[in-house]
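Subject: Structure for you to look over

Hello,

Here is the structure I promised to pass on. Please open it first, then read my notes below.

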Amino acid sequence: MKNWIIEKTGFDQQEIAANGNRFLCGNGYMGIRGTLEEYGKEQLCAINLAGLYDKVGEGWREPVNAPNPLYTFLCVDGVKYVLPQSETICHEQRLDYRHGLVYRKTVFKTAQGTVTITTEHFAHMEKRHLIGMMYYITSDYDAEVELYTGIDADVWDINGPHYDEVNMNLDENTLVVQAVTHEKKEKVVVAEYGVLNGICEQAYEKSEKKFLRKICFQCRKNKLAYLEKLAVVYTGNDCGDPLEDAKKDLAESVNMGYSFMRKKQIDCWEELWKNSEVEITGDKDAECALNYSLYHLLSIAPFHAKSQSIPARGLSGQTYKGAVFWDTEMFMLDFFLNSHPKAAKALLQYRIDTLPGAQEKARHYGYEGAFYAWESQEGGFDACSDYNVTDVFTGRPMRTYFKDKQVHISAAIVYGIMKYVNRTGDSELLYHGGAETVLECARFYDSLLLQKVHTDVYEIRDVIGPDEYHERVNNNGYTNRMAQYTFEQACILLRQCSKDKRMAEALKEYDIEQIRMRFEDNARKIYIPKPDKEGIVPQFDGYRKLEDTTVEKVRSRLLNEKEYWGGAYGVASDTQIIKQADVVTWMVMFPDDFTAEEKWINWSYYEPRTEHGSSLSACMYSILACSCGKPQEAYPLFLKSAQADLKGGGKEWAGDIYIGGTHPAAAGGAYMTAINGFGGVKIADGQVTAVPQLPESWEKLKFRILYQNQIYEITETKENAEIRKVSCELEEM
Ligand code: BGC
């Protein structure tokens, strides 16, 4: 792997899905999977649109993919040359992750010689609707070529098809496809302009779902032919008249030309890296993997939006229903707070705007306040089904309780909002719905509390903690502590009302004194598990009485490799084997709750009992190991998180459901490990401090963070940390 470039040489059919994730490019508005130009839905080709969902029949609601304007293939001397079918002499895919440029080179063997195609494409970082592509063709003899290029509206879905109508029109030389979604009749418009060697002479072909240009020419021996394409995507979600806007925007970009737009793309990415890049001297693999992870976060960030969040699988397709999980606030937010707080604000604004959805969910289950969606789509709609896993043996849906019982989600929103405000000093978010959101989440936990008879102890029963394999447990330590934190944060805001008029105004609907006293009481009396006599903090009531075994033993009990480990009768359910960091996540969140010794005892106990069945797990163990002064133990887990998308190989199935895609939470977790773990950065009370504990191979670690309108550049060696204030312009909040 070279710096800022990742590449895969050779063609491997088994890698098509993984490469789709690996070579993804995006700009927060859309994510373009790293598939090849001739690919279709069978190869999970997708231009995934942020925030646009559709539901067909009883199928799950899922995000919609735009018709694909990159679709291109060629026939040489009457024979079609495409992967995966045709024979190649060589093939490679590359990504310049510094600038969001994706390349491909394939040499096809034809009857008379070879034909080579070389391509490049991007999702434009400044002009969010724009896609650009160059497609070069050469041959080592005079070949008769038919080039087909245009828009493929036969898009990938898991629970579709999502377009009821697809209309195709030619507007001068522009191909226009207008599609209408099934559920909300939302318009999706794709307009495409393409010319070969600067000449526009072409025929057109329409089939039911493809609208193509057909360009016939003789490709002279060793002479380069090039197809230049620009295309835009607009939907009824972003504007009143997507057709008009699409035409206008495309015309502007065509006027500027491909090279100009490409140059802008490069400049724009350079600008983004200024406060994002992390330099690691002495460990190229770690440096590349980490910055590649950050590339993924930057590619899906809502820079362009005021209110938009990031799905758990980024913009990599249909998996996980394109839904937003706790992943955003708990794992991704830190990176954006440190580098692009405006994007962080959009993430939290999405939660504030979806408060009504959360309130409705709470009411539905008979609670007060705000119970956020476990799998949130637009409006806070919870896409999580009561039967979220399919039993591989019977083919029947299994009752799972993620949606009803993973109540820790609301506290993650509170954590995100309060962290944003503390880091940026921007209280506007609180005055405009943030404070109310915090209070509503606290009211939710208030209505969950149960007082144990004859005691002064409040419990939370019947929940699922971060470890999803154990359902419906009592007093999950992480959940109870996060609920306590929520009460505490609500009390801080309620106390602020006496000296801050705007806060008092924002919370005027509440009986301030009465509710504050109640939350203070809750925070005092909620049951928080303590370490037992061996120093182990039980994950929930009775956890340590479960069978104590190993991950390997549990794995060996599987009858089917896709079998679900948790739920009513999963192989892990009655054992101490857990899916992902749980108590450890609590210890990372609240490092002052425990001594370093307690933390290390629990790390050592839980790590061997953790399957790491979620990409969210390794980074938490890694951060905790650092806070116990064990950077070497942290290092392999850090790499695992940082390489989640580079290497692939993560879990692709839950029962019979495909859950592959990119892993932005792992990317964010790797970032937190580098900065807060190895970098030992602490940000509190107006101060940025850093106590380095770099792993052996790291000679120097250098990065920037933003804190309360100030940029800090931090350079660390094993012995020293230098923190320097940098003066430069900051983005308006
Ligand atoms: C994990 C959750 C996570 C979700 C989305 C699940 O496998 O258990 O904690 O939020 O994936 O990443």
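Buried area, as used here, is the accessible area (1.4 Å probe) that two parts lose on being put together, summed over both.

Some ground rules. This is a predicted model: local features need pLDDT of at least 70, side-chain atom pairs count only at pLDDT 80 or more, and totals for chains, interfaces and linings use all residues. Residues are numbered from 1 along each chain as its sequence is written, and side-chain values use heavy atoms, with hydrogens and water left out.

Domains

The chain is assigned domain 1 (5–273), domain 2 (276–322 + 594–733) and domain 3 (354–529 + 540–577). These bounds come from an automatic or database domain assignment. Between the C-alpha centres of domain 2 and domain 3 there are 24 Å.

Domain 2 and domain 3 bury about 1900 Å² between them, and carbon and sulfur atoms give 48% of that.

By contact (heavy atoms within 4.5 Å), 18 residues of domain 2 touch 26 residues of domain 3.

A salt bridge here is a side-chain nitrogen of Lys or Arg within 4 Å of a carboxyl oxygen of Asp or Glu. The interface of domain 2 and domain 3 has 2 of them. Arginine 609 also pairs with aspartate 548 in a salt bridge, at 2.9 Å from N to O.

Polar contacts are pairs of N or O atoms within 3.5 Å; within protein, one must be able to donate a hydrogen and the other to accept it, and residues adjacent in sequence count only if both atoms are side-chain atoms. Across this interface, 10 residue pairs are in polar contact, both at pLDDT 80 or more.

The ligand

I call a residue near a molecule if one of its heavy atoms lies within 4 Å of it. The residues around the ligand include Tyr320, Trp326, Trp374, Glu468 and Ser614.

- Aspartate 327 has a side-chain N or O atom 2.6 Å from an oxygen atom of the ligand.
- Lysine 579 has a side-chain N or O atom 2.7 Å from a ligand oxygen.
- Glutamine 580 places a polar side-chain atom 2.5 Å from an oxygen atom of the ligand.

Backbone points

Helices (H or I, at least four residues) and strands (E, at least two) are DSSP runs, numbered from the N terminus. Leucine 83 and proline 84 are joined by a cis peptide bond, omega about 5°. Proline 84 sits in the loop between strand S7 (79–81) and strand S8 (88–96). Glycine 160 to proline 161 is also cis, with omega near 0°. Proline 161 is in the loop between strand S12 (143–152) and strand S13 (163–171).

Histidine 454 is not a glycine, yet its phi is positive, about 60°. Look for histidine 454 in the loop between strand S22 (450–451) and strand S23 (458–459).

One more salt bridge

The whole structure has 56 salt bridges. One joins arginine 98 and glutamate 277, with the closest N and O atoms 2.9 Å apart. Arginine 98 is in the loop between S8 and strand S9 (101–109), and glutamate 277 is in the loop between helix H3 (258–273) and strand S19 (279–281), so the pair ties together parts 179 residues apart in sequence.

Best wishes
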